Amino acid sequence: MSAPRRSPKSSDLLPDPTSAPAPVRTKRALFLLLLTTFFPGSAQWVSGRRALGGFAMRITMTCWAVLLVGLALLLFKRDWLLGFFAQTWVQLGASVVLVALAAGWLLMFLNTLAIIRPKYLAPGARIGLTASLLVLAVAITGSMGYGAFVLNKGRETITNVFTSGPAFKPVEGRYNIAVFGADSAGNRDGVRTDSMSLLSVDAKTGKSLLISIPRNMQNAQFSADSPMREIYPDGYDCGNECLFNAIYRDATDNHADLYPDAENPGAQATMDAIEGTTGLKVQSYVMIDMGGFEGFIDAMGGVTVDSGGWVPYNGKAWPNSSVNTHWFAPGVQEFNGKHALWFARSRDFTSDYHRIARQQCLQQAMISQFNPKTILTRFTSLMDAGEELVETDIPQQQLGSFLNLADKARSTPFKRLTLGAPDFGSASDKFSTYPDFEVIHTRIDSLIAAEGESKKSKKSDKDTKKAEPSKTPKSTTPEEPKRNTEPGEIGTAPSDAPTEQNDGSPLTEKYLVTLEQIGRTDLLEKIAANNNDCSVP
């Protein structure tokens, strides 16, 4: 005689909701809800649905294992982890997996609701637990769905902005990236590089040197292997037409054939000029569109700087006046995209060198404020703005190492150098017209060497403190070259610059506008003379 068939309920480890008291049924339902929330599949397993529960639990344990491995890699092999997730195929695969997990988790919640059997609960418990289950299901699966959307959005942006190909290695321990500010407004013929700089970053520490190149620099040198050197063997020296910011257009319009393999001959030629001028090997470039810059700042939620002086910008004309000059006051300023662009490009009553310093300040502020919180809370807007903002030849494979390096650089103040006033001569001399490249190379080498000496000095200090706790050795770090701060030059306002109104009250925007209306631009030039002074609060 065959044994009786085992009841499907015989493996149920929980009380039967049809016969248990009301408090027990409520506790049972709450227990099942918590199991599904924190360990999907376990509610099915303990309630007797072993096949379904075991399958879901194996997936859950696999996910927990992957998360733990990911956490370990984040702590000990961050470069590798970031590089792995920067791969577009990884992001696509991860987004598909997240969607599948979200759908599976939702099914587990619905199945748990069936196991709870709400009709056997007291009316109050029935409503509360059912509502809680549905809220948790929507919150968890919705979050995972959004995570899949974010990964796919990042994948699309990386594909559209960055190039394919292998990552490049640092040169002499540094990454050297050219950064161009491009103006391609509708009223201009083609692209014009309005600002040019070289970001040189220590590959281990993230310490950065930002070298700004005045757009009016002449006689730029091309690197030894540059095809442009055949056209300009003595430098870019055709007079006032051969300013540094004209190299991009010249190469694009007249010498594109010299760069048959380059997607952007103008950018490549400008990189060659930066390399020859600075003496540093330039590995890649990033071109920032001024219009996209405004949208990117807005997507970040604004940017904050501490301005040391009055900065003019052009806006709407004042009532009953032809004057349209407005002023940013000294102090901490929280800029939206439009105001940040005005702040960066202003040179009224001052010079290119003043705005170069402010652009350096804004670049550092953006990096310091471009943190994980900003990325997570504004990801979609940042990705949309990024596609309009950036053109680059940086390969996708480079993103992992660069993201990790950017995180280090974020907490390290830039060293700044301008190949003109105030670091080389004054605004009134001819250094930008006839630059001394040997002096430039020596200055750059000394700043980079100072970073290395600083690291050695810190290590020496630690070793000395261990051996002799009571003694503190002097630092051997070379001093950074001092900036020109003579009265009337870049860096400080002249001694006779007005610091208050005629009646002794503080300077105001209205007073500065009045000065322009009565033709006292000489006083405005003195007041604005130190508006290159800017820092990150």
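## Aromatic pairs and packing in a predicted model

Of the 537 residues in the protein, 44% are buried (under 20% relative accessible area; exposed is over 50%, partly exposed in between, with a 1.4 Å probe and protein chains only). This is a predicted model: local features need pLDDT of at least 70, side-chain atom pairs count only at pLDDT 80 or more, and totals for chains, interfaces and linings use all residues. Residues are numbered from 1 along each chain as its sequence is written, and side-chain values use heavy atoms, with hydrogens and water left out.

**Overall build.** The protein has 18 helices and 11 strands (DSSP runs numbered from the N terminus: helices are H or I with at least four residues, strands are E with at least two). Its accessible surface is about 27,400 Å², and carbon and sulfur atoms hold 58% of that (Shrake-Rupley method, 1.4 Å probe; for residues, only the protein chains shown count as cover). Among contacts with a separation of 6 or more, 71% join residues 24 or more positions apart (contact means heavy atoms within 4.5 Å).

**A buried threonine.** T270 lies in helix 9, residues 265-278. Its relative accessibility is 0%, so T270 counts as buried. Beyond its neighbours within four places in sequence, T270 contacts F180, M196, F244, I247 and Y248.

**Aromatic pairs.** Rings of Phe, Tyr and Trp (its six-membered ring) pair if their centres lie within 6.5 Å; planes under 30 degrees apart are stacked, over 60 edge-to-face, and the rest tilted. The count comes to 18 aromatic pairs. F84 and F85 are one example: their ring centres are 5.6 Å apart and their planes meet at 85°, so the pair is edge-to-face. F84 also pairs with W89, again edge-to-face, at 6.0 Å centre to centre and 90° between the planes.

How accessible are the residues of these two pairs? F84 is partly exposed at 31% relative accessible area. F85 is partly exposed too, at 39%. W89 is exposed, at 58%.

Elsewhere, ring pairs link Y313, F328, F335, W342 and F343 into a cluster.

**Charges over rings.** A charge sits over a ring if NZ of Lys or CZ of Arg is within 6 Å of the ring centre and within 35 degrees of the ring normal.

| Charged residue | Ring | Distance to ring centre |
|---|---|---|
| R50 | W45 | 3.9 Å |
| R358 | F343 | 5.7 Å |
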